[in-house]
Amino acid sequence: MNVKTNLSGFRYVDVVVDVPAVGDRKFTYQVPEGSALPYGAKVQVPFGRKQTDGYVAGHSSVKPDFDVKSVSAVYDLRFLPPDHLLRLGEVLKEHYLASTASFWGYLWPPLVRRRHLEPGTGFDEPAGCRLLRTKQMPTAPGSFAGSLFIQGPASFRWDYYCAKIKEALDSGLGVIVLVPEIRKIDAAIRALQAWYNGPISLVHSDLPGAARREQWLSLLTGDSMLAVGTRSAAFSPVKNLGLIVVDEEESHLYKAGEFPGYNAVTVARARGNLENCRVLLGSFVPSVKTGYFINKGRLKPVKPSTPGLNVNVTHETISMLGRKRRVVISKELHLALRDIFNDGERAVLFLNRRGTSSSLVCTDCGNTIMCPRCSVSLAYHARDSQMVCHTCGYRRTAPLECPVCRGHTWKPVGYGIDRVVSEFEKRFPGVPVLQLDQDSESPENVIEQFRSSSPSCLLCTQMVLGFEIPPVTGLGVLSCDNLLGFPDYSAPEQVFRLLMNLVHLLKNSGGNQQKRFVVQTLNPQHHAITGVQDPESFYVVESQNRADLNYPPFGALFKIEFSGKNPDMVRQIAEKFAAEAENHSNGVQVLGPGPAPKPRVRGRYRWIIMLKSKKREVLSGIVKQVWPEVSHSQVRMTVDTEEPFGIG
DNA sequence: AGCACGCCGACT
DNA sequence: GTCGGCGTGCTC
């Protein structure tokens, strides 16, 4: 029996439709006589009043007992994902509690052409495309069996990656290389082209649709065996896949923000399992999770550690306890800066807060200017005399008069980077200060100006970590206590990583062999801060803390968010859900419900529940069972089944 | 998500 | 009497 006869026997297909509210239900459509649609085919179908995209997820030959509509169009079958990628989608949709359609959607590039199916007109499907799923495959993202980890600075990691990539390509295997952000692709391409002159396929969301489509096709056909890109490239249809490289595996950018928030590292792991390929992770400051996998022997570290730079950094932790809160630059830091500038050298000051002050408070009545749509105060930006919401972007001019009591004096509360500039200028007149943050118009320009003068000072946020900076002698962290105070179990890890990266930035900038790293903090004994001088100890303490409390990677953690326009309703449903989940108690811990860290965003009220258990299947089971019991049309629920959970 | 159906308040 | 509010439920 040939394929054609096989396909033509089925007049009906089950379609999973790409409509969020419909979940994973299948709908049956008719296929015109003489046409045939393989498993996984992307189709357009009439759904309700509109046309919607969907995917073929089953076949039958008997007419159902309701009126069936017909499939209206089929997308170019040259783009049909291979079996193992369809299976990948199924594994991941289960892992993330999402729909099949949402994950199969990642397997198609944009701008694929579709052709209409007219009744009675058949078409030729590509030879060899199969109708049904062929073989049984794993059901979970799986472990890191056979996977490797390399720790060290970028140049060191890339040397190793290239050796492994060459090995794979030389033996006819395909390779995917993932980097956390688009701007890092250039450097990756340069490293690869130094020794490889075959085709390299770029895969990232900034590429024009047609280009993405062509890259995708050349991977599908095997014309190109090497894909390089950001997180969406984890789905690229590389043939005969032998290796996936994930650089900076700890980056939060691998986790997609919008639902379903898949993590490209998990996707890589799942593919490693399904396609029996190697996964190679690399990092300068590995995540606690990766540390755990290495400890368990599930990830093999390939070389002990970094060849040290010949640079000596002294660490100074300045306790800000018991000092006036208005002190921005402590006496100790001031003296360190003075020495550096007197020697004609450069310094960097780091602060993780934009604007001039976190908020304005009326001195007469205590009123604070709040965002009209979010439950956060508006930050004051003196540069343009604007009040800005750092959550939703809302802007207004700063008020002259208090809307509550008509008072005219405002007190700034908390300091942001703009205020540090004026403080700095008072203390060090004559030393040029450059400012680098999200409000900077041309970051490259700022860095250039910083490079062109010495002494000088760069005042910056996290943004600095993406740049090459000129030689710097000292780096001062003005505060990181706000980060440490986030109600999130991973806050210590994030602060530790931030500080490690800042030390590395300082070390690596070149120049002076004797450098100073100064941290001002209200938590001088915290392991995230002391750990910077002894990284091993950080991993030990943090792992112990998480193990004690069953936090990932020692247990599963789901974040469930309820949102809606009616605050009482949202709260009620969240409470009902929590109570039901508690009832289940299969060794489940229910944390909450409580209002989200930002209880109102864009006019929607938000409540949160965290579910903790040793086994993630227990949590999946609860969500699947409880939500249908308590669901309400005015409340939306979204589940995030994998860390890192964003804050807010 | 859209979009209809359906059942109660104030209007030419 | 009807126009229209948005709560509820369906989409092959």
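**Figure 1. Surroundings of DNA strand C.** In this predicted model, 14 residues surround DNA strand C, and the closest are Arg25, Thr28, Gly48, Phe66 and Lys69. Sugar and phosphate make up 44% of the atoms of DNA strand C that come within 4 Å of the protein. By class, the residues of this surface comprise seven nonpolar, four polar and three charged. Strands β2 (26-30) and β3 (42-47) each supply at least two residues of the surface near DNA strand C. The largest share, three residues, comes from β2.

**Figure 2. Polar backbone atoms of the protein beside DNA strand C.** Thr28 has a polar backbone atom 2.6 Å from a base oxygen of DNA strand C. At Gly48, a backbone N or O atom lies 3.1 Å from a sugar or linking oxygen of DNA strand C. Thr28 and Gly48 are also listed among the closest residues to this DNA strand.

**Figure 3. Surroundings of DNA strand B.** Val19, Ala21, Arg49, Lys50 and Arg636 surround DNA strand B. This surface has two nonpolar, no polar and three charged residues. Of the atoms of DNA strand B within 4 Å of the protein, 57% belong to sugar or phosphate, and bases provide the rest. In the side chain of Arg49, an N or O atom is 3.2 Å from a phosphate oxygen of DNA strand B.

**Figure 4. The open six-stranded parallel sheet.** The strands of this sheet follow the order β15-β25-β24-β16-β23-β22, and their pairing is parallel. Strands β15 (312-319) and β22 (433-436) are the edges, each pairing on one side only. From one strand to the next, the twist averages 15 degrees. Within the sheet, β24 (residues 474-479) and β25 (residues 514-521) run parallel and are joined by four bridges. Leu475 stands opposite Phe517, a residue of β25. In general, strands of a sheet pair through backbone hydrogen bonds, either parallel or antiparallel.

**Figure 5. The antiparallel hairpin of β27 and β28.** Strand β27 (residues 589-601) is joined by seven bridges to strand β28 (residues 604-613), and the two run antiparallel. Val601 stands opposite Arg604 of β28. Two residues lie between the strands of this hairpin, where Arg602 takes a positive phi near 50 degrees.

**Figure 6. Helix α13 and the glycine that follows.** Helix α13 (residues 491-508) contains 18 residues. From its first C-alpha to its last, α13 reaches 26 Å, close to the 26 Å expected at 1.5 Å a residue. The helix is mostly covered, with 14 of its 18 residues buried. After α13 comes Gly510, which has a positive phi near 95 degrees. As a general point, an α-helix has 3.6 residues a turn, so residues three or four places apart point the same way.

Figure 7. The peptide bond joining Ser454 and Pro455 is cis, with omega about 5 degrees. Pro455 lies in the loop between α11 (443-452) and β23 (456-460). A cis peptide bond also joins Pro552 and Pro553, with omega about 5 degrees. Pro553 is found in the loop between α15 (535-549) and β26 (556-564).

Figure 8. Most residues other than glycine have a negative phi, and most peptide bonds are trans. Asn276, a residue other than glycine, has a positive phi near 55 degrees. Its place is in the loop between α7 (264-274) and β13 (278-283). Asn276 counts as exposed because its relative accessibility, 71%, is over the 50% cut-off. Arg406, likewise not a glycine, has a positive phi of about 65 degrees. The loop between β20 (395-397) and β21 (410-413) holds Arg406. With a relative accessible area of 59%, Arg406 is exposed.

How values were computed:
Residues numbered from 1 in each chain as written. Chains lettered and ligands numbered in written order. Predicted model: local features only at pLDDT ≥ 70, side-chain atom pairs only at ≥ 80, totals over all residues. Heavy atoms only, no water. Expected span 1.5 Å × (residues − 1). Buried < 20%, exposed > 50% of the residue type's maximum accessible area, 1.4 Å probe, protein only. Near = heavy atom within 4 Å. Polar contact = N/O pair within 3.5 Å; in protein donor to acceptor, adjacent residues only side chain to side chain. Nonpolar A, V, L, I, M, F, W, Y, C, P; charged D, E, K, R; others polar. Pairing = 2+ DSSP bridges. Axes fitted to C-alpha atoms, helices over the stretch in contact; angles between N-to-C directions.
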